[in-house]
Amino acid sequence: MNGKDAQGVAPEAPAAAPRRVGAPVRMQGPQARHGTLKDLSRPGRGAWSFPALDVPEAPVPAEHARQDRPGIPEVAERDLVSHYTRLSQLNYGVDTGVYPLGSCSMKYNPKIAETVQALPGFQRLHPRQPDHTTQGALELLWRLERALCEITGMSRATLQPPAGACGELTGLLVMRAFHTKAGDPRKKIAIPDSAHGTNPASVRLAGYEALHIPSDGRGLVDLSALEKLVDEDVAGLMLTNPNTLGLFEEEIEAVTEVIHRVGGLVYYDGANLNAILGRCRPGDMGFDIVHINTHKTFATPHGGGGPGAGPVGVIEGLVPLLPYPRVEHDEGTGEFRLESDYPDSIGRMHGFLGNFGVLVRAYAYVFLHGREGLKEVAERSVLNANYLARRVKEKFPLAYPDGPPMHEFVATARLLKEETGIRAMDVAKRVIDLGYHPSTVYFPLVVEEAMMVEPTETESRETLDALADALLRAHQEAHEDPHLLHEAPVTTPVRRLDEARAARHLKLTW
Ligand SMILES: Cc1ncc(COP(=O)(O)O)c(C=O)c1O
């Protein structure tokens, strides 16, 4: 009976904590429905209907038959739909409004890309179909690869990695294979302290040691420190550009030169490519390997670590090392085929060709925008970030004000904390009560009371103004009514969560 009384009445939802300020949470539907699906379960209910059997019934052999019923909630379709619709309404997503989570590029995903990936010709494909029956899909992947190579200035790319971090690992394994093949396995990868957090993690996973490179006073790679720290045991360097301070690395060519001089390879963390699309290319700056986050750059859906796509492009000399299978194109016959016979390949990074549905969405985004449209994406993402930064920087100063921010900016609530005791986290929680998703806070680690804001190119000026007003209002309230910020959020189903505990003590089953 799943913990319910004989009548199957679901228990009352636990009394909510007293809410002292702000608007009450609007709970829709009968209170009794506010449990889990298991609470809604009643024996015998179901949300399925099958046509009558048109073949003789055959018993399942005893050794294969279950001994008890599966612990699946038994619910009617009506309750199921209410349940998930209600849950979706409690959540804040990219379809709800601006989601300025710096470093994550949570931007609106155009619905046309959903429509395209849902075409029956794509939906009904099976990855084991013979090539001659999947020419359209293979051509799409080939064209996407060519477009990504053109955008990044690389020779070939693999579309297999299911997320940016997996792209990083792929690139590092390519580096490892390159040095091993040359009989010169090396131990270290140089990582500037303004790199994305996944970079040092990928370095460890690939069996390297991370060599930390400090930033200078402007928030850029400290070139003289780099020159001193790098030696011939350095296999390569990973550079996030624009870096996680939202700044364009001004001395990129000098940085790549230092690494090439000692025989290392240079990796471009291109997750922030939406800031430079169509304006400049990592390949032209001297990089050897680039990864792209299709969710950040081409607005495909993103789940933490996947399913997504983190394609990796490489220069000509590294092509033999890329994962297999790859799509090859015979220009003579016009045919496309899947090829797996590459003796120097690092192997597979994902089953088949990666997350095909995500790649179709990325294709739709790239080709619907076209060359000029993609350039405009970059221009708008930078314009929007700069507009918002200007609106709030008097109250939340930029952490590194010397250079103009690119597609995101890092402000600090350090002064506010000194004046009022209100911290970046309190501002973030208050912004939720004011109707917005907050920015990233406390990242990057090199900035005290960091607020990392990325409005993205998809937001209008009205939205940016409204978000700026909310941030400025929270700042004013911190001085006039700090209680509001200490208590926030009060309009959400749950209040402040112990995020560190949630991350350290994962509870993955109910
Ligand atoms: C600069 C940068 N590098 C790497 C990643 C990792 O990408 P993913 O979350 O797809 O693994 C991100 C995440 O968004 C990022 O912002």
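Analyst: Ala, Val, Leu, Ile, Met, Phe, Trp, Tyr, Cys and Pro are taken as nonpolar, Asp, Glu, Lys and Arg as charged, and the others, Gly among them, as polar. On that basis the shell around the ligand holds four nonpolar, 10 polar and two charged residues. The model is a predicted one, in which local features need pLDDT of at least 70 and side-chain atom pairs count only at pLDDT 80 or more, while totals for chains, interfaces and linings use all residues. Residue numbers start from 1 along each chain as its sequence is written.

The ligand is surrounded by 16 residues, the closest being Ala 163, Gly 164, Ala 165, His 196 and Ala 271; a residue is near a molecule if its C-beta atom, placed from the backbone, lies within 6 Å of it.

Next comes helix H14. Helices (H or I, at least four residues) and strands (E, at least two) are DSSP runs, numbered from the N terminus. Helix H14 (residues 424–433) is largely enclosed by the rest of the structure, because eight of its 10 residues are buried. Buried means 20 or more other C-beta atoms within 10 Å of the residue's own, exposed 12 or fewer, and partly exposed in between, with C-beta atoms placed from the backbone. Among the buried residues of H14 are Val 427, Lys 429 and Arg 430. The buried residues of H14 pack against strands S11 (440–441) and S12 (450–453) and helices H15 (461–480) and H16 (482–487), where contact means C-beta atoms, placed from the backbone, within 7 Å. After H14 comes Gly 435, with a positive phi near 105°.

Methods
Contact = placed C-beta atoms within 7 Å.
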